[in-house]
Amino acid sequence: MRRLIPLVVIAAALVLAPQAFADLISPESGGSQNANDIDTLYKITLYIGLVVFLLVESVLIYSLIRFRARRGGPEAAQIRGNTPLEISWTIGAALILVVIATVTFIFLPGIKDPPASKTAPLEAAEGVDFATINQKEPPGGNALKISVNSQQYIWRYDYEGQKDQLFSFHTLYVPVNTTVTLTLQSADVVHSWWVPKLGGKVDAVPGHVAETWFRADEEGTYDGACAELCGEGHADMRTRVVVLPADEYEAWAEQQVADIKEAQTGLAEQRKEREASDESAGENTPTEQKKTTKEEKHPPSPPQEEQG
């Protein structure tokens with residue numbers, strides 16, 4: 001029993017710690033300012049709802065106890081209506097809606113519109129065009145634009161405005177304190193890009209371009225996943241965002257560009273070797289095969305005999 005008491009105390013301390021309940025019933029936050037604003041707006045609405053809930057339930061419980069039927073008691077009076085009371089709760093409900101709507105519109109620009117980056121312009125982000133479809137351009141002109149292509153069951157991130165082709169799969173690498181704008185598209189079915197600590201869910205719908213943004217103020221790795229059931233491999237369609245210091249991000253970008261070029265060069269050489277091998281073996285190359293097939297389908301007309 002004596003050994004059990006310290007364990008109970010430790011368990012109670014862990015459970016009652018504020019960190020243990022952080023984001024338990026509200027959206028995750030702490031990774032980006034828009035995620036923080038979403039979390040704050042959610043909590044404001046939640047607290048207003050809790051006050052209304054407690055008020056209504058308190059009145060209900062009081063009425064059930066205070067006016068419950070008793071043996072030998074008088075017959076309960078039948079109340080057909082109370083105009084002042086009905087007007088009061090109608091006005092009260094309307095005022096609550098006005099307050100929630102006002103608070104929402106106060107927070108909405110900070111959630112929707114990307115802010116300026118906190119860092120100096122990155123060499124890898126020069127020449128970037130920003131998303132302008134229903135989303136404002138980040139102030140300062142210093143942001144990183146990423147085109148996100150989703151398909152069963154993979155995420156591809158293309159870094160736009162680069163001198164050389166730069167892309168990655170599954171993992172998105174970004175510099176810290178830099179505003180990142182995302183344009184999302186789908187190649188097949190509906191997917192949903194969701195990295196909880198960086199903001200809300202964004203659906204990628206075939207034939208439609210969706211937009212969102214984030215600015216990670218702390219380095220680290222933020223895990224995410226597809227939040228829309230997209231097929232049998234949906235559970236494995238995960239992603240993550242790796243936030244790096246500016247110098248480490250630039251080093252990664254340079255290495256990634258070099259790896260892509262090396263892979264493309266190697267693929268081109270393999271193709272040439274395969275074509276040369278086919279020619280030496282007497283097989284038709286793709287061009288010759290296409291020509292032969294065309295001739296088989298449409299043979300040339302026989303030469304006309306000379307008339308004597």
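Reply: Helices here are DSSP runs of H or I with at least four residues, strands are runs of E with at least two, and both are numbered from the N terminus. By that scheme the protein chain has five helices and ten strands, and Ile-61 lies in helix H2 (residues 33-66). Bear in mind that this is a predicted model, where local features need pLDDT of at least 70, side-chain atom pairs count only at pLDDT 80 or more, and totals for chains, interfaces and linings use all residues. Residues are numbered from 1 along each chain as its sequence is written, and side-chain values use heavy atoms, with hydrogens and water left out.

Me: What makes Ile-61 partly exposed?

Reply: Buried means under 20% relative accessible area, exposed means over 50%, and partly exposed is what falls in between (1.4 Å probe, protein chains only). Ile-61 has 47% relative accessibility, so it counts as partly exposed. Across the 308 residues of the protein chain, 28% count as buried.

Me: And what makes a patch out of Leu-60, Ile-61, Leu-64 and Ile-65?

Reply: Patch residues need over 30% relative accessible area and no salt bridge; nonpolar side chains (Val, Leu, Ile, Met, Phe, Trp, Tyr) are joined within 5 Å, like charges within 9 Å. Leu-60, Ile-61, Leu-64 and Ile-65 make a nonpolar patch of about 390 Å². Areas come from the Shrake-Rupley method with a 1.4 Å probe, and for residues only the protein chains shown count as cover.

Me: Why is the pair Tyr-173 and Trp-252 called stacked?

Reply: Rings of Phe, Tyr and Trp (its six-membered ring) pair if their centres lie within 6.5 Å; planes under 30 degrees apart count as stacked, over 60 as edge-to-face, and the rest as tilted. By this rule there are six aromatic pairs. Tyr-173 and Trp-252 sit 4.5 Å centre to centre with 25° between the planes, so both values pass and the pair is stacked. The pair links distant parts of the chain, with Tyr-173 in strand S4 (residues 171-175) and Trp-252 in helix H4 (residues 246-280), 79 residues apart. Trp-252 has a relative accessible area of 14%, so it is buried. Ring pairs also link Tyr-159, Tyr-173, Tyr-249 and Trp-252 into a cluster.

Me: Why is Lys-145 with Glu-160 called a salt bridge?

Reply: The rule asks for a side-chain nitrogen of Lys or Arg within 4 Å of a carboxyl oxygen of Asp or Glu. The closest N and O atoms of Lys-145 and Glu-160 are 3.6 Å apart, so the pair qualifies. Lys-145 lies in strand S1 (residues 143-151) and Glu-160 in the loop between strand S2 (154-159) and strand S3 (167-169), so parts 15 residues apart in sequence are tied together. Lys-145, at 11% relative accessible area, is buried, while Glu-160, at 26%, is partly exposed.

Me: Which other pairs meet the salt-bridge rule?

Reply: The count comes to five salt bridges. Among them is Arg-156 with Asp-158, at 2.9 Å between the closest N and O atoms; Arg-156 is partly exposed at 24%. Another joins Asp-217 and Arg-215, at 3.3 Å N to O. Arg-215 is buried at 9%, and Asp-217 is partly exposed at 28%.

Me: What makes the backbone at His-170 worth a flag?

Reply: Phi of His-170 is near 70°, a positive value in a residue other than glycine. His-170 sits in the loop between S3 and S4 and is partly exposed, with a relative accessible area of 34%. Asn-177, not a glycine either, has a positive phi of about 60°, and is found in the loop between S4 and strand S5 (179-186).

Me: Where is the cis peptide bond?

Reply: From Gln-152 to Tyr-153, with omega near -5°. Tyr-153 is in the loop between S1 and S2.
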